[in-house]
Amino acid sequence: PDLRILDGTATRLPFADHEFDLVTAFEVYRYFEQPELLQAYREAIRVTKPGGKLFFTMVNRYALDGFYLYNGLRTLLASLRRRTPPIHCAFTTPDEVRTLFRGLGVKDVTCQGRMFGLLRFIYRLHEAFGAKVAARFEGLDERISRQSWSIPLAGHLLVTAMPSRDQQG
């Protein structure tokens with residue numbers, strides 16, 4: 001009963017400047033085209049308090065699971081069949097994320113990788129089998145994901161950005 005519901009979007013947040021210590025976006029930014037993505041990033045920076053953090057996920061273009069190729073093939077086949085293409089998915093790389101945020105004045109950006117290997121592909125083949133494989137190899141995936149060399153190849157990017165005080169003023 002005390003819940004307040006606000007009307008807004010990621011590109012136009014209904015909050016004051018510097019309102020939050022932490023701004024999160026899980027599986028959100030991946031659906032934006034480039035101009036809207038940049039605006040959503042700007043808005044997240046705007047509502048983050050000085051010393052606060054942004055934490056969000058993106059889909060890695062060069063993940064070993066081949067999701068980028070799979071999505072491209074689905075889009076091509078839909079076009080050839082004159083059908084509605086699949087929902088847009090913005091694929092990126094750790095370097096691209098860091099470059100975009102540096103362009104917005106954010107210098108402290110880190111990317112971590114998760115879901116290394118073919119797990120997403122296995123889920124697509126058979127969900128129950130994929131769940132069993134995931135449970136069995138979760139520890140191994142965690143260990144691999146902590147290695148810096150695996151970040152550009154992981155399925156998901158976990159991004160943390162800490163806007164500096166001078167960008168938020």
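**From the chain to one residue**

Modeller: Read along the sequence, the pattern is β-α-β-α-β-α-β-α-α-β. That comes to five helices and five strands. Both are DSSP runs numbered from the N terminus, with at least four residues (H or I) for a helix and at least two (E) for a strand.

The model is predicted, so local features need pLDDT of at least 70 and side-chain atom pairs count only at pLDDT 80 or more, while totals for chains, interfaces and linings use all residues. Residues are numbered from 1 along each chain as its sequence is written, and side-chain values use heavy atoms, with hydrogens and water left out.

Glu-43 sits in helix α1, which spans residues 34-47. Is Glu-43 buried or exposed? Glu-43 counts as buried because its relative accessible area is 9%; the cut-off is under 20%, with exposed over 50% and partly exposed in between (1.4 Å probe, protein chains only). Which residues does Glu-43 touch, leaving aside neighbours within four places in sequence? They are Ala-10, Thr-11, Arg-12 and Leu-13. Contact here means heavy atoms within 4.5 Å.

Step back to the chain. Buried residues make up 38% of its 169 residues. Of the contacts with a separation of 6 or more, 81% join residues 24 or more positions apart. Along the principal axes, the C-alpha atoms fill a box of roughly 50 × 45 × 40 Å. The accessible surface is about 10,700 Å², and carbon and sulfur atoms hold 57% of that surface; the areas come from the Shrake-Rupley method with a 1.4 Å probe.
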